[in-house]
Amino acid sequence: MCGIASLIGLVIGFAIGSLIGALIIQLVTRWICGFAPPYSMAYRACIFSCLAGLVISIALAIICGDIGGALDLLDYVISFFVTAGIFSLVLKDDYGDVISFGKACLISLVLVLIGVVFRGGIFLLAGLVSQA
């Protein structure tokens with residue numbers, strides 16, 4: 001029963017996270033490329049990149065086993081470039097032209113930096129709450 005509840009929580013978290021992620025992708029794309037893709041396009045890019053990251057993580061865990069930090073670094077690097085590739089294929093401007101891979105890499109880099117700042121803020125907040 002606990003496994004089913006965990007799976008339901010994972011699916012709900014994935015859906016909500018993708019809704020928020022699509023908004024962030026729209027904002028970052030507007031900043032870097034000068035246009036904001038439609039929300040449905042940004043949502044699709046977010047879903048595909050999250051699923052690709054999940055598949056990459058699982059595949060590396062199966063292939064390499066548990067080798068610690070080196071596997072995490074390899075996972076981040078591969079996921080970064082795969083995400084950029086997905087963005088360069090899915091995100092299109094008003095004329096239907098896809099963005100370049102270089103701009104897609106910049107979008108991925110900004111998203112990684114936003115994630116680092118967000119996670120750092122959560123850990124900082126958790127540390128302050130636990131000390132109180």
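The model is predicted. The chain holds four helices and zero strands. Of its 132 residues, 30% count as buried.

**Overall fold**
- Read from the N terminus, the elements run α-α-α-α.
- The C-alpha atoms fill a box of roughly 50 × 40 × 30 Å, taken along the principal axes.
- Take the contacts in the chain with a separation of 6 or more: 56% of them come from residues 24 or more positions apart.

**Surface and charge**
- The chain has an accessible surface of about 8,600 Å².
- Carbon and sulfur atoms account for 76% of that surface.
- The chain carries 5 positive and 6 negative charges.

**Helix H1**
- H1 spans residues 2–33, which makes 32 residues.
- From its first C-alpha to its last, H1 reaches 44 Å.
- That reach is close to the 46 Å expected at 1.5 Å a residue.
- Gly34 follows H1, and its phi is positive, near 85 degrees.

**Buried residues of H1**
- Ser18, Gly21, Ala22 and Ile25 are among the buried residues of H1.
- Gln26, Val28, Thr29 and Cys33 complete the buried set.
- An α-helix has 3.6 residues a turn, so residues three or four places apart point the same way.
- Keep that rule in mind when tracing the buried residues, from Ser18 to Cys33, on the structure.

Terms used
Residues are numbered from 1 along each chain as its sequence is written. This is a predicted model: local features need pLDDT of at least 70, side-chain atom pairs count only at pLDDT 80 or more; totals for chains, interfaces and linings use all residues. Side-chain values use heavy atoms; hydrogens and water are left out. Helices (H or I, at least four residues) and strands (E, at least two) are DSSP runs, numbered from the N terminus. Buried means under 20% relative accessible area, exposed over 50%, partly exposed in between (1.4 Å probe, protein chains only). Contact means heavy atoms within 4.5 Å. Accessible areas come from the Shrake-Rupley method with a 1.4 Å probe; for residues, only the protein chains shown count as cover. Lys and Arg count as positive and Asp and Glu as negative; His and the chain ends are not counted. The place of a charge is taken as NZ of Lys, CZ of Arg, CG of Asp or CD of Glu. The expected span of a helix is 1.5 Å times one less than its number of residues.
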